[in-house]
Amino acid sequence: MKKIGVLTSGGDAPGMNCAIRAVVRTAVGCGLQVAGIKRGFRGLFDDDIVDLNARSVSGIVNRGGTILRTIRFPEMKKFDVQETCLENLKKRSIDGLVVIGGDGSSRGAFALHQHDGFPVCVIPASIDNDVYGTDETVGFDTAVNTAVEAIDRIRDTATSHERIFVVEVMGREHGFLALDVAIASGAEIVMIPEKPITIKKVAEILETDRVMGKVSSLVIVAEGAGRAHEVAKEINQLMPGVEARYSVLGYIQRGGTPTYQTRCLATMFGNAAVKGLIDGLTHFMVGIRGTEIVRVDLKEVVSKTKQISEEKLKLVETMAI
Ligand code: F6P
């Protein structure tokens, strides 16, 4: 291993820059050269590649986003696209590739490896925290904190006006973000794709809350489980005596300066990724289980689905009495 490539792929996440910095500085410290690949796998396909050194990653540890830019590139599924990417890697004498991204990016990395055994490592980075094999992905902690800070502000006005507020958070396919945000913000109800719930049932729960003396309630909905404006409208129709309003947090959850937790996770992941490639691993993801940094077979990562915590779902209910 003499030269590694690094790219960021898929939806961006706070902490991606920390991970890039850790990859570059670990590699340089181990005597390796580093190539930065712009705009994810698209940049690899287009041979849009720049040399990086320890100074290239100065001043980014506290910055959200990714200096390498990112793009979604589903064309990576195609054999001839993979062929071109591998040709560009070999043309640049790159011996191994670090892919910083989420679920979809892991599949792209594994496809590249499967093509001809090229060594790849994935650093799980997504605000969705939906990657199998790791307790947490880079960016998740920051996104939760961003959402909770916004919801604490919404809670003030919800209480003042004795209203029900429906807050939509990101999570097109999974509810990990919505679930942790619901617990941390003290929401009465959480709606996630994994556990469909009817608005009728939501209204029944909210009615019980009011009978118990609650003057306002919070409903957190993952975008994959419903749209906040529709949920609020239906609650108003089912509960004539109350006022339901809504907010969509949207893309603020994807930006901002990474938290301490995100920074440390990204830095540990970047360091472990380079060390794994140097140790000769060819298809793995770095992850965290409890407090331990682990190396997970990429084939397992892309073939299994992370499960939502039933205990956390029950906790939302328990705290909402
Ligand atoms: O994958 C992260 C994510 O933020 C999802 O939560 C969200 O649904 C999606 O990306 C939005 O994708 P895009 O940035 O392409 O609109």
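**The sheet and the ligand**

Modeller: Happy to! This is a predicted model, and in it four strands form an open sheet with parallel pairing, in the order S7-S8-S6-S9.

Colleague: Which strands stand at the edges of the sheet?

Modeller: Look for strands with a single partner strand, since one side of each is then left without a neighbour in the sheet. On average, neighbouring strands here are turned by 20° against each other, direction ignored. The edge strands are S7 (189-191) and S9 (244-248).

Colleague: What angle does helix H5 make with S6?

Modeller: Helix H5 (residues 140-160) packs on the sheet, where it touches S6, S8 (217-222) and S9. Its direction and that of S6 make an angle of about 165°.

Colleague: And which strands does helix H6 lie across?

Modeller: Helix H6 spans residues 176-185 and runs at about 165° to S8.

Colleague: On to the ligand: how much of its exposed area does the protein bury?

Modeller: The residues around the ligand include Arg-72, Asp-128, Gly-171, Tyr-251 and Arg-254. A ligand oxygen is 2.4 Å from a side-chain N or O atom of Tyr-251, and a polar side-chain atom of Arg-254 lies 2.8 Å from a ligand oxygen. Gly-171 uses its backbone, with an N or O atom 3.1 Å from an oxygen of the ligand. Taken alone the ligand exposes 400 Å², and the share buried by the protein is 80%.

Definitions and conventions
Residues numbered from 1 in each chain as written. Predicted model: local features only at pLDDT ≥ 70, side-chain atom pairs only at ≥ 80, totals over all residues. Heavy atoms only, no water. Pairing = 2+ DSSP bridges. Helix = DSSP H or I, 4+ residues; strand = E, 2+ residues; numbered from the N terminus. Axes fitted to C-alpha atoms, helices over the stretch in contact; angles between N-to-C directions. Contact = heavy atoms within 4.5 Å. Near = heavy atom within 4 Å. Polar contact = N/O pair within 3.5 Å; in protein donor to acceptor, adjacent residues only side chain to side chain. Areas by Shrake-Rupley, 256 points an atom, 1.4 Å probe, with all protein chains shown as cover.
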